[in-house]
Amino acid sequence: MFLVNYDPHNWRLLKRDFFQLPNKTREKLMNDVLLLANGGELDYKTALNFTRNLFDETDYSVRTPLLNQIRNIEALYSFTPVEEKINVSGSVS
């Protein structure tokens with residue numbers, strides 16, 4: 001499998017027809033869009049707009065790429081001055 005970066009028009013078409021695609025294809029597209037944005041090959045606006053499909057997603061595996069990406073972002077901020085500000089797992093007073 002190859003990482004594919006589509007032009008903006010095709011990303012919009014893929015977003016529009018997302019639920020007509022098989023689960024594995026949706027999972028792969030979600031992974032691709034997030035990896036491309038993280039690598040600077042695709043703007044985050046396109047990637048985050050694409051993830052809006054997850055609000056209606058029923059297959060957990062399709063959500064996994066976003067959850068993994070959130071974990072990666074969280075790891076970037078660990079042990080930095082901003083960690084305390086983004087730490088949601090701390091105790092609530």
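Q: Which side chains meet in a salt bridge at 2.7 Å, N to O?
A: In this predicted model, the side chains of Arg26 and Glu57 do. The pair links distant parts of the chain, 31 residues apart.

Q: Is Glu57 buried or exposed?
A: Glu57 counts as buried because its relative accessibility is 4%, and the cut-off for buried is under 20%. Arg26 is buried too, with a relative accessible area of 6%.

Q: What is Glu57 in contact with, leaving aside neighbours within four places in sequence?
A: Glu57 is in contact with Phe18, Phe19, Arg26, Val62 and Arg63. The C-alpha atoms of Glu57 and Phe19 are separated by 8.2 Å, and these residues are 38 apart along the chain.

Q: And Arg26, with the neighbours within four places left out?
A: Its contacts are Phe18, Phe19, Leu21, Glu57, Asp59 and Val62.

Q: Switching topic: how many salt bridges does the structure hold?
A: Four. One of them joins Lys28 and Asp32, with the closest N and O atoms 2.6 Å apart.

Q: How are Lys28 and Asp32 placed in helix 2?
A: They are four residues apart in helix 2, so about one helical turn separates them. Asp32 counts as buried, at 3% relative accessibility.

Q: What about Asp17 and Arg16?
A: Their side chains meet in a salt bridge at 3.0 Å, N to O. Asp17 is partly exposed at 25% relative accessibility, while Arg16 is exposed at 60%.

How values were computed:
Residues are numbered from 1 along each chain as its sequence is written. This is a predicted model: local features need pLDDT of at least 70, side-chain atom pairs count only at pLDDT 80 or more; totals for chains, interfaces and linings use all residues. Side-chain values use heavy atoms; hydrogens and water are left out. Buried means under 20% relative accessible area, exposed over 50%, partly exposed in between (1.4 Å probe, protein chains only). Contact means heavy atoms within 4.5 Å. Helices (H or I, at least four residues) and strands (E, at least two) are DSSP runs, numbered from the N terminus.
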